[in-house]
Amino acid sequence: MKLIFDQFTLDTDIAELRRGTTAVALEPQVFDLLVFLIANRERVVSRDEIINAVWGGRFTSDSAVSTCVKSLRKALQDDGDQQRYIKTLRGRGFRFVADIIVDDSKVSKNSLRITPQLHQPIQEPSLLQHQATPGFQGKPSIIVLPFQDLLNNQQNSVVAEAMAHDLIQALSRLRWLRVIARSTAFQFRSPIPDFKKIGQQLNLRYALCGSIEADGKAQVISVELSDCETSEVIWAERFEAKPETLNEIRHHIIANVVSSLEIYIPLNEASQASLRSSDNLDAWANYHLGLRYMFRFTPTDNSRAAQYFSQAIKQDGQFARAYAGLSFTRFQDAFLRYDQDTNNAVADARKLAEQSVELDSLDPFTNYNMGRSFWLSGETEAGLGWLERSVALSPNFAQGHYSRAFCEVMQGQTRLALENTELSLYLSPLDPLLYGNYAIKSFAYLRQEDLPNAVYWAEKAASTPGAHFLIFMIAAATHALSGDNKKSQYWCARIKAHKPDANASHFFSAFPFIDDALKASLKTGLQRAHL
């Protein structure tokens with residue numbers, strides 16, 4: 001269906017707004033707002049109706065609605081003074097006031113009506129329920145379906161309901177993910193859910209479902225994440241528990257699922273975005289591609305990640321996570337000496353982190369990057385508060401726990417550091433920063449004068465994908481302390497291959513040790529390794 005007003009054409013079949021022949025980039029919520037206003041143009045629509053239609057009834061501030069309206073006016077080259085297309089009636093709401101030509105003789109007037117009951121399992125399509133495609137853009141979205149109790153046990157049925165409910169609450173803390181509310185999700189209860197139909201009806205990409213069944217004396221909880229467009233399983237996991245402990249370990253299962261989704265959904269988003277032309281990438285697609293390259297830890301990939309984040313910011317100047325991602329790349333430039341002007345990289349990392357927090361202070365990722373920016377200036381204690389805030393906002397944020405452990409080991413708090421690395425490893429056993437967790441364990445055991453364990457974890461850290469020359473230096477130093485010169489020299493050769501000018505000053509600049517005993521041990525190890 002094509003809706004024409006002035007020089008604009010809104011094509012709801014392909015979810016596109018054009019000015020003449022030029023496509024106008026719109027974020028999904030801004031597009032949905034335009035469709036909703038046009039469909040209800042004969043009357044004033046309230047903010048509550050907009051929230052229900054565009055945000056699915058989820059909690060949204062008035063400022064978010066105002067920002068969405070402002071973005072739409074900007075795209076239409078309108079403003080709050082002229083109000084050529086969108087009229088504001090203070091205290092009442094908004095109304096679309098331009099004349100519309102409907103380019104589809106078969107479309108009745110009633111078919112343009114969109115009611116606030118957008119997210120209901122009805123059969124008739126509405127304008128907002130445009131079909132998801134492999135090029136689906138915007139913030140990733142997910143529905144958590146009620147788990148199936150295959151044992152037909154009343155107690156397990158309660159746990160199955162609670163499991164889905166807890167997952168919805170936990171996932172809702174992730175600021176980068178749109179989560180369908182329980183009241184809507186549970187209406188799609190079915191033994192064999194039709195993911196493609198659900199995805200089209202609610203305009204979302206992902207579905208999470210699960211079941212509880214018996215396997216001998218144990219009960220098995222199976223969880224699957226599927227792509228609604230392709231119905232392909234992206235990730236699956238199986239948990240076992242004794243019947244009497246099932247309810248008790250529920251929170252452990254929730255933590256594992258949430259942390260896994262934080263890895264697998266962005267990976268899938270990046271894969272989908274890589275299949276599209278760069279001209280067709282929106283801010284979220286560019287952001288996810290940036291994440292893909294950011295964790296490869298090479299100068300070239302880090303620079304490429306920065307380009308994607310910068311493009312996302314150009315497309316959406318209020319995109320907090322893109323600023324945080326760009327801060328992460330500048331952190332790498334300083335930490336790994338990719339940029340010869342280290343001071344400038346340090347300043348950029350802090351400034352960009354501050355901008356991200358200003359835009360969204362409740363996002364764990366923005367707080368995380370703010371905390372990490374203090375490492376570069378040797379202020380680990382100041383950064384710790386931001387890192388603690390990141391895990392308070394999202395208790396399952398593995399990288400937040402890892403970064404807390406880093407600050408703690410720098411201060412010689414080995415017990416806390418080991419506890420937080422264990423928690424990080426439990427939450428995200430395949431994390432891109434896995435080598436960092438192992439390195440912290442090596443530091444902690446070295447401080448406890450447990451040299452065999454320090455060597456073991458340093459070797460494991462250096463052998464883990466993604467490890468960089470600073471991690472190799474830990475392995476070289478601990479092997480030298482243990483008297484294994486052959487192993488130490490092996491890692492020295494790896495260091496020189498990656499960074500020929502690497503030395504102890506680089507190491508202690510990157511790792512701002514406050515604990516003198518740990519720093520002295522590592523200094524001795526690096527001297528023995530001739531670094």
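This is a predicted model: local features need pLDDT of at least 70, side-chain atom pairs count only at pLDDT 80 or more; totals for chains, interfaces and linings use all residues.
View 1. Residues are numbered from 1 along each chain as its sequence is written, and side-chain values use heavy atoms, with hydrogens and water left out. The names come from DSSP runs: helices are H or I with at least four residues, strands are E with at least two, and both are numbered from the N terminus. Strand β12 (residues 218–227) and strand β13 (residues 233–241) run antiparallel and are joined by eight bridges; two strands pair if DSSP finds at least two bridges between them. Five residues sit between the strands of this hairpin, and Ser 231 takes a positive phi near 60 degrees.

**View 2. Here's an open sheet of five strands, in the order β4-β3-β2-β1-β7.** The pairing is antiparallel. In general, strands of a sheet pair through backbone hydrogen bonds, either parallel or antiparallel. Which strands are at the edges? They are β4 (22–24) and β7 (101–102), and each pairs on one side only. Further in, four bridges join β2 (residues 8–11) to β3 (residues 16–19), and Phe 8 has Arg 19 in β3 as its bridge partner. Helix α1 (residues 28–39) packs on the sheet and touches β1 (2–5), β2 and β3. The direction of α1 makes about 100 degrees with that of β2.

**View 3. Helices α18 (residues 469–482) and α19 (residues 485–498) cross at roughly 160 degrees.** Their axes come within 8 Å; axes are lines fitted to C-alpha atoms, for helices over the stretch in contact, and angles run from 0 to 180 degrees between N-to-C directions. That crossing angle makes α18 roughly antiparallel to α19, a label for angles over 145 degrees. Among the residues that meet are Phe 469, Phe 472 and His 479 from α18, with Trp 491, Ile 495 and His 498 among those from α19.

**View 4. Val 455 lies in helix α17 (residues 451–462).** Is Val 455 buried or exposed? Its relative accessibility is 14%, so Val 455 counts as buried; buried means under 20% relative accessible area, exposed over 50%, and partly exposed in between (1.4 Å probe, protein chains only). Leaving out residues up to four places away in sequence, Val 455 touches Thr 478, His 479 and Ser 482, where contact means heavy atoms within 4.5 Å. Val 455 and Ser 482 are 27 residues apart in sequence, yet 7.7 Å apart in space, C-alpha to C-alpha.

**View 5. Ser 390 sits in helix α13 (residues 380–393).** With 0% relative accessibility, Ser 390 counts as buried. A polar atom of the Ser 390 side chain lies 2.6 Å from the backbone oxygen of Leu 387. Setting aside neighbours within four places in sequence, Ser 390 is in contact with Pro 364, Asn 367, Tyr 368, Phe 397 and Gly 400.

**View 6. Phe 513 is in the loop between α20 (504–510) and α21 (516–528).** Phe 513 counts as buried, at 9% relative accessibility. If you skip residues up to four places away in sequence, the residues Phe 513 touches include Met 410, Phe 443, Phe 507 and Leu 522. Glu 408 is 105 residues away along the chain, and its C-alpha atom is separated from that of Phe 513 by 9.8 Å.

Notes
A polar contact is a pair of N or O atoms within 3.5 Å; within protein, one must be able to donate a hydrogen and the other to accept it, and residues adjacent in sequence count only if both atoms are side-chain atoms. Angles under 35 degrees count as roughly parallel, over 145 as roughly antiparallel, 65 to 115 as roughly perpendicular and the rest as oblique.
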